[in-house]
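Please read the following report alongside the sequence and the model.

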Amino acid sequence: MVLTAKQLAFICGLLGNLVSFLVLLTPMSTFYKIYKKKTSEGFEALPYSVGLLSASLLLYYASLQSGKFLIISINVIGAFLQLFYLVLFVIYSPRAGKVGTLKMIALLNVASLGTVMLLTILFSKGPNRIIAVGYIAAGVNIATFAAPLSIIKRVIQTRSVEFMPFNLSFSLTICAVVWFFYGIFVNDYFIAIPNVLGFILGIAQMFLYVIFKYMIKKKRDETTLENHHEETTERPLYVSTANNEPSRQEELTVVSITSPRQLEYFTEYHPMFMERDEYLS
């Protein structure tokens, strides 16, 4: 049986809702740490404010059309969770952080959203309003996808993937793929096009994760092992020319051990040798 474009769009929309919901839950671990520490110092509220704006604009965009309930459902959940995260952020912020976060919410989530809604209602109608809101929603959506660029920069600078979990990068990539195909099947390029950037950034994150987690770590471990081997085997030793324990008056020969095989040889055939530091002590 061949599935129709409408059926494929429904399947992609359901998968998109599921994967997006899981992605939206990923900050829970961060806010659990904030709750345990009783402070949000060191964390940024901007991604959650931009996420709330994006979800709100997509809700407005979907509400202007019929048959967009899969877009509405996930963005209702997304807007609620982003608002929940922002409330927790304000509660556990220092006084200066509270003021800054509230100003940001007022600017992005109240003033900006209100301005968009007011202008599009006053100066556009019907399809033109949908197109205008679609462009704005797509632009903000691209901005949310561009947020991982700062994480990618941090990974390259620190050569560590601590702040870029592979599961999250993989989930974001899958999310971008299913929403891209949803947009294609329903002929909605305001949904499809931003997810192309999401897919590219997701692939880039997973590529960097593999490089810095495995390849560079392996090279670093090999270098450390070689350095440790040199430190433990390449050291000067005092070996007695006689076959008995050396004394202060006896002639000593200084040799350099450069391999475990040489170390075994001197241990077997020159049992009365000792390291320089031990002898001089």
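Is Phe31 buried or exposed, and which of these applies to Tyr85? Phe31 is buried, and Tyr85 is buried as well, where buried stands for under 20% relative accessible area, exposed for over 50% and partly exposed for the range in between, with a 1.4 Å probe and protein chains only.

## Basis of the report

The model is predicted, so that local features need pLDDT of at least 70 and side-chain atom pairs count only at pLDDT 80 or more, while totals for chains, interfaces and linings use all residues. Residues are numbered from 1 along each chain as its sequence is written, and side-chain values use heavy atoms, with hydrogens and water left out.

## Overall fold

The secondary structure of the protein consists of eleven helices and three strands, taken as DSSP runs numbered from the N terminus, with helices being H or I of at least four residues and strands being E of at least two. Read from the N terminus, the order of the elements is α-α-α-α-α-α-α-α-α-β-β-α-β-α.

Of the 281 residues in the protein, 36% are buried. The accessible surface amounts to about 17300 Å², and 66% of this surface belongs to carbon and sulfur atoms; such areas come from the Shrake-Rupley method with a 1.4 Å probe, and for residues only the protein chains shown count as cover. When contacts between residues at least 6 apart in sequence are considered, 70% of them join residues at least 24 apart, a contact being heavy atoms within 4.5 Å.

## Aromatic pairs around Phe31

A search of the whole structure gives ten aromatic pairs; rings of Phe, Tyr and Trp (its six-membered ring) pair if their centres lie within 6.5 Å, and planes under 30 degrees apart count as stacked, over 60 as edge-to-face and the rest as tilted. One of the pairs joins Phe31 and Tyr48 in an edge-to-face arrangement, with 5.2 Å centre to centre and 65° between the planes. Because Phe31 lies in helix H2 (residues 28–37) and Tyr48 in helix H3 (residues 46–63), this pair ties together parts that are 17 residues apart in sequence. Phe31 is buried at a relative accessible area of 4%, and Tyr48 is buried at 14%.

Phe31 also forms a stacked pair with Tyr85, with 4.9 Å centre to centre and 10° between the planes. Phe31 belongs to helix H2 and Tyr85 to helix H4 (residues 69–91), so the pair ties together parts that are 54 residues apart in sequence. Ring pairs link Phe31, Tyr48, Phe84 and Tyr85 into a cluster.

## The loop between H2 and H3

Lys38 is found in the loop between H2 and H3, and it has a positive phi of about 65° although it is not a glycine. Lys38 is partly exposed, with a relative accessible area of 48%, and its charged end sits over the ring of Tyr35, 3.8 Å from the ring centre; the criterion is NZ of Lys or CZ of Arg within 6 Å of the ring centre and within 35 degrees of the ring normal.

Thr39 has its place in the loop between H2 and H3, but Thr39 is buried, with a relative accessible area of 19%. Apart from neighbours within four places in sequence, Thr39 is in contact with Ile34, Tyr92 and Pro94.

Gly126 is placed in helix H6 (residues 126–146) and is partly exposed, with a relative accessible area of 40%. Gly126 and Leu64 are 62 residues apart in sequence, and their C-alpha atoms are 8.4 Å apart in space.

Phe190 lies in helix H9 (residues 189–233). Not counting residues up to four places away in sequence, Phe190 touches Tyr61, Ile131, Gly134, Tyr135 and Ala138, and its C-alpha is 9.5 Å from that of Val133, 57 residues apart in sequence. Asn187 lies in the loop between helix H8 (166–185) and H9; its phi is near 55°, a positive value in a residue other than glycine, and Asn187 counts as exposed at 60% relative accessibility.
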